[in-house]
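Take the fold from the inside out.

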Amino acid sequence: MQRLRQRLRGERGSVAVEFALIVPVFLVLVYGGLSFGMAMSAKSIVTEAAADGARAAIGVGTSAAITVAESEATQVLNNEGTAYKTYGSVNATLSTAGDGTCGPSLTAQCITVTINYPYSSHPALPNLPGFGLILPSTLNATYTVEVTP
């Protein structure tokens, strides 16, 4: 019995040491997962804004298509938060079938909405000190729709 007690005393505190070694690794993994999740969420918001802006230009005519597309994309970004509306840049361009970016029709005109958001300058979560998490520096989204047949 005395031998058993001596053996158990020798392992006292080993659980605390194991816990102290595992918890920092676990927390870094959780933080990395959250960081990547937030970056993916931001990419989804930027892509949604580009798509909504391009779809809003359908049927409004080519003269107002750029203005409508940019204002709709900007409005979607404004609804998502101040960082997106402050730092995201929205550009809409009108193209014709001859340049290869539009549909198969020779008379088609397409609107392309491009949004750039500097994610490295304004991340959703700050970088973990001492760890260079590989997150995108810029989130880009491009969406093209045909506005005239």
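The largest nonpolar core has 26 residues, and Leu77, Ile111, Val113, Ile115 and Tyr119 touch the most other members. A nonpolar core here is a set of buried Ala, Val, Leu, Ile, Met, Phe, Trp, Tyr and Cys residues joined through side-chain atoms within 4.5 Å. Buried means under 20% relative accessible area, exposed over 50%, and partly exposed in between, with a 1.4 Å probe and protein chains only. Two or more residues each come from helix H2 (14-56), helix H3 (62-80), E1, strand E2 (109-117) and strand E3 (139-148). H2 gives the largest share, seven residues. In soluble globular proteins, nonpolar side chains tend to be buried together.

This is a predicted model: local features need pLDDT of at least 70, side-chain atom pairs count only at pLDDT 80 or more, and totals for chains, interfaces and linings use all residues. Residues are numbered from 1 along each chain as its sequence is written, and side-chain values use heavy atoms, with hydrogens and water left out.

Now the overall layout. The chain has four helices and three strands. Their order from the N terminus is α-α-α-α-β-β-β. Helices (H or I, at least four residues) and strands (E, at least two) are DSSP runs, numbered from the N terminus. Of the 149 residues, 26% count as buried. Among contacts with a separation of 6 or more, 65% join residues 24 or more positions apart. Contact means heavy atoms within 4.5 Å.

Next, the sheet. The three strands form an open sheet in the order E1-E2-E3, with antiparallel pairing. E1 and E3 stand at the edges with a single partner strand each, so one side of each lacks a neighbour in the sheet. The twist averages 20° from one strand to the next. Strands count as paired if DSSP finds at least two bridges between them. E1 and E2 are joined by eight bridges. Thr96 has Gln109 of E2 as its bridge partner, and Val90 has Ile115 of E2. H2 packs on the sheet, touches E2 and E3, and makes about 20° with the direction of E3. H3 packs there too, touching E1, E2 and E3, and its direction makes about 155° with that of E1. E2 and E3 pair over nine bridges. On that side, Thr114 stands opposite Thr142 in E3.

How do the two helices meet? The axes of H2 and H3 come within 7 Å and cross at roughly 150°. Axes are lines fitted to C-alpha atoms, for helices over the stretch in contact, and angles run from 0 to 180 degrees between N-to-C directions. H2 contributes Ile45, Glu48, Ala49, Asp52, Gly53 and Ala56 to the contact, while H3 contributes Val68, Ala69, Glu72, Ala73, Val76, Leu77 and Glu80. These residues divide into eight nonpolar, one polar and four charged. Ala, Val, Leu, Ile, Met, Phe, Trp, Tyr, Cys and Pro count as nonpolar, Asp, Glu, Lys and Arg as charged, and the others, Gly among them, as polar.

Finally, look at Ala92, in strand E1 (residues 89-96). Ala92 is buried, with a relative accessible area of 10%. Not counting residues up to four places away in sequence, Ala92 touches Ile66, Ala69, Glu70, Ile111, Thr112 and Val113. Ala92 and Ile115 are 23 residues apart in sequence and 8.7 Å apart in space, C-alpha to C-alpha.
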